[in-house]
Amino acid sequence: MSWCGMYQFVSSPPRRPDVMYEGAMDDVEQKFVLIVEDDADLRELLANLLDQAGIANEAVGTLCRASARIREISPALVLLDVMMPDGDGLAFCAQLRQAGFANKIMMLTAKGAALDRIAGLEGGADDYLTKPFESRELLARIRNLLRGATAWHSISTGKIRYARFGTWRLDLVQRRLVTSDDRIVMVSTGEFDLLRRMIDAPRIELSREDLMPERRETVHFDRSLDNRISRLRNKLGAERDGAQLIVTVRNRGFMLAADVSYE
């Protein structure tokens, strides 16, 4: 399925919005979001929600139109409905990734089953939210995706090194924790990856599949994730209230209970 000729995607920098919104807090507001949703009322609601948040956006109603706009503007984030009139959003997401689109993709769907969610993440989506959703949660997830994209690009270009949460700093280059008095706490590769995923989505509930996508088929049955969480809590406990930074959300997963900043 080519969706009106989308055979190859050539990545280019995200377009800056034509309008500078008053009161922008950070460069999240400088990112461009493409909304791909066939329901006209929901499409308008999403566009208005982002407008009010000061996030530049454009909304389209077909995958064909989305394909054309992605080639033209390379949006920082694509909000993508799964069930579109001219094709399957999951397959479209997978084809975008295969064609080289490296920016963020968030799936929006009425399908809430675990298998559907896993299929979306396996297809290359960065996040997955089921309808109906709460507007504040959607905005929080969008901002975290956009902020995370900016942060990890800044890491690769040497502009930032640390993610600060609570009294801790995570050294994103040397992959270790740093206490408030500059003591070093080493973490394993698995612990670092787990903490990095939480830092990308602070104060948001993350499922076991979100936190260990490489073991999504068994993460509900083995103790790997629980063991990593336990070790991280013990290490974070070296600082006051550190053990409480990772919160268990009953029957849902875990959450980083702190704001994150970069330096």
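Leu46 has a relative accessibility of 1%, so Leu46 counts as buried (buried: under 20% relative accessible area; exposed: over 50%; partly exposed: in between; 1.4 Å probe, protein chains only). The model is predicted, with local features requiring pLDDT of at least 70 and side-chain atom pairs pLDDT 80 or more, while totals for chains, interfaces and linings use all residues. Numbering starts from 1 along each chain as its sequence is written, and side-chain values use heavy atoms, leaving out hydrogens and water.

Leu46 lies in helix α1 (residues 40-52). Helices (H or I, at least four residues) and strands (E, at least two) are DSSP runs numbered from the N terminus. Leaving aside neighbours within four places in sequence, Leu46 is in contact with Ile35, Leu108, Phe133 and Leu138, where contact means heavy atoms within 4.5 Å. Ala59 is 13 residues from Leu46 in sequence, and their C-alpha atoms are 8.3 Å apart.

Leu108 belongs to a group of β6 residues, Lys104, Met106 and Leu108, that point one way, while Ile105, Met107 and Thr109 point the other way. Six of the six residues of β6 (residues 104-109) are buried, so the strand is largely enclosed by the rest of the structure. The pairings of β6 are listed below; strands pair if DSSP finds at least two bridges between them.

| Strand paired with β6 | Bridges | Direction |
|---|---|---|
| β3 (residues 77-81) | five bridges | parallel |
| β7 (residues 127-130) | four bridges | parallel |

Met107 stands opposite Leu80 and also opposite Tyr128 in β7.

Helix α3 (residues 89-98) is mostly covered, with seven of its ten residues buried. Among them are Phe92, Cys93 and Leu96. At the start of α3, a side-chain oxygen of Asp88 comes within 3.0 Å of the backbone nitrogen of Leu90. Just after α3, Gly100 has a positive phi of about 105 degrees.

Helices α6 (residues 189-200) and α8 (residues 224-236) pack at about 85 degrees, with axes 10 Å apart. This makes α6 roughly perpendicular to α8 (65 to 115 degrees; under 35 is roughly parallel, over 145 roughly antiparallel, the rest oblique). Axes are lines fitted to C-alpha atoms, for helices over the stretch in contact, and angles run from 0 to 180 degrees between N-to-C directions. By class, this contact has six nonpolar, one polar and four charged residues. The α6 side includes Leu194, Leu195 and Met198, and the α8 side includes Arg228, Ile229 and Leu232.

Terms used:
Ala, Val, Leu, Ile, Met, Phe, Trp, Tyr, Cys and Pro count as nonpolar, Asp, Glu, Lys and Arg as charged, and the others, Gly among them, as polar. A polar contact is a pair of N or O atoms within 3.5 Å; within protein, one must be able to donate a hydrogen and the other to accept it, and residues adjacent in sequence count only if both atoms are side-chain atoms.
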